Amino acid sequence: MPASAGLVLRLLPPGSPAQRAYGYPSLAFLESHVGRYTLATAHLDSAIVMDRAHSDTSNEARQRLFMTELETVSGDSLSAHEHMADFMTLFRHIYLEPTLLLWAGRTAARRGDRQALNEILDTLARRVKKEVPTDQAALSDLEGEAALLAGHRREARASFALALPLDPPAHCQEEAAP
């Protein structure tokens, strides 16, 4: 399936630079899914160049976060650190939605970066809309990640359990499992 999806994406007409910038992350995802991290990061590099050309800092932040994840998984911790630092610089100057902040905080937590995690968590806490269950879930989930990083498993489990009924997709269910 990923091979055929990649083929379709590569055969599509080139489109505008902005449209191509949106296609590169899809190609990166497909390549990473089959373990081709070098190709995946090359696609994200292309997307970042195009995002910068169009001053699309929000998408650039997403690409840098994705790049951090890819480089962490592939074992390139130095590059992952650099991309996370670039993400944090962008994050401090633009609005990013709570779900993206959850993923950024989770990335920071799983890399052991308490400073970035705390900064993201503080920002997320200020942006959460109490009437939006997915916002509340993101905050509870990230509080769980912070507790887990601090070694407070019981507190982490309680936070993940709070997030689960608010937004029950698989990314929440994995942490709440016994």
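1. Let's start with H9 in this predicted model: its buried residues are Ala156, Ser159, Phe160 and Ala163. They sit on the same side of H9, because they cover an arc of only 100° around the axis. Turn to the other side of the helix and you'll find Arg154, Leu162 and Pro165, which are exposed.

2. As for its dimensions, H9 runs over residues 153–166, 14 residues in total. From first C-alpha to last, H9 reaches 21 Å, close to the 20 Å expected at 1.5 Å a residue.

3. Now for H8, which takes in residues 133–149 and has 17 residues. Its reach from first C-alpha to last is 24 Å, close to the expected 24 Å. The list of buried residues here includes Asp135, Asp141 and Glu145, along with Ala137, Ala138, Leu139 and Leu142. Gly144 is another buried residue of H8. After the helix comes Gly151, and its phi is positive, near 85°.

4. You'll find Ser32 in helix H2, residues 17–33. Is Ser32 buried or exposed? With a relative accessible area of 13%, Ser32 counts as buried, since the cut-off for buried is under 20%.

5. What does Ser32 touch, leaving aside residues up to four places away in sequence? The answer is Tyr37, Ala40, Phe66 and Leu70. Take Leu70: Ser32 and Leu70 are 38 residues apart in sequence, yet their C-alphas are 7.3 Å apart in space. The Ser32 side chain also has a polar atom 2.9 Å from the backbone oxygen of Phe29.

Definitions and conventions: Residues numbered from 1 in each chain as written. Predicted model: local features only at pLDDT ≥ 70, side-chain atom pairs only at ≥ 80, totals over all residues. Heavy atoms only, no water. Helix = DSSP H or I, 4+ residues; strand = E, 2+ residues; numbered from the N terminus. Expected span 1.5 Å × (residues − 1). Buried < 20%, exposed > 50% of the residue type's maximum accessible area, 1.4 Å probe, protein only. Arc of directions from axis to C-beta. Contact = heavy atoms within 4.5 Å. Polar contact = N/O pair within 3.5 Å; in protein donor to acceptor, adjacent residues only side chain to side chain.
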